[in-house]
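I open this notebook to keep track of what I looked up, entry by entry.

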Amino acid sequence: QVQPVESGGGLVQAGGSLRLSCAASGRTFSWFAMGWFRQAPGKEREFVASITWSDGFTSYADSVRGRFTLSRDIAKNMVSLQMSTLKPEDTAVYYCAVRSSLLTRFDYWGQGTQVTVSS
């Protein structure tokens with residue numbers, strides 16, 4: 001069992017920056033990838049970014065590419081999502097997720113953290 005725990009959400013003005021962190025615990029061996037998803041009011045949850053644990057390969061949604069940067073800290077079992085040039089449309093609950101193996105989808109989820117970008 002893996003438990004991701006998010007931190008770092010909050011309120012920021014458009015154009016500003018925020019950093020989200022996610023620490024995963026509960027399993028002694030590494031997983032395939034960690035990622036971030038978000039869900040805005042009235043919308044479906046969408047992919048934001050992911051990072052492969054073994055080699056640090058990152059993927060981003062088109063809507064955040066160039067503005068968000070995802071990194072990992074293997075020693076701390078943690079990922080950080082640096083969000084810059086934030087827009088009101090980035091407002092959402094952001095969820096951290098763990099993909100335990102190549103054969104699974106993202107199968108462990110955090111509780112979520114609210115990010116609100118004011119115009």
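I take contact to mean heavy atoms within 4.5 Å. With that in hand I looked up Ser-80, which touches Arg-19, Leu-20, Ser-21, Thr-69, Leu-70 and Ser-71 when residues up to four places away in sequence are not counted. I note that this is a predicted model, in which local features need pLDDT of at least 70 and side-chain atom pairs count only at pLDDT 80 or more, while totals for chains, interfaces and linings use all residues. Residues are numbered from 1 along each chain as its sequence is written, and side-chain values use heavy atoms, with hydrogens and water left out.

I placed Ser-80 in strand E8 (residues 78-83), where strands (E, at least two residues) and helices (H or I, at least four) are DSSP runs numbered from the N terminus. Ser-80 is buried, at a relative accessible area of 11%, since buried means under 20%, exposed over 50% and partly exposed in between, with a 1.4 Å probe and protein chains only.

Next I looked for disulfides, meaning pairs of cysteine sulfur atoms within 2.5 Å, and the count came to one. The sulfur atoms of Cys-22 and Cys-96 are 2.0 Å apart, and the pair links distant parts of the chain, with Cys-22 in strand E3 (residues 18-25) and Cys-96 in strand E9 (residues 92-99), 74 residues apart. I found Cys-22 buried at 0%, and Cys-96 buried at 0%.

Last, I turned to Ala-14, in the loop between strand E2 (10-13) and E3, and found Ala-14 partly exposed, with a relative accessible area of 41%. Leaving aside neighbours within four places in sequence, Ala-14 is in contact with Leu-86, Pro-88, Val-117, Ser-118 and Ser-119.
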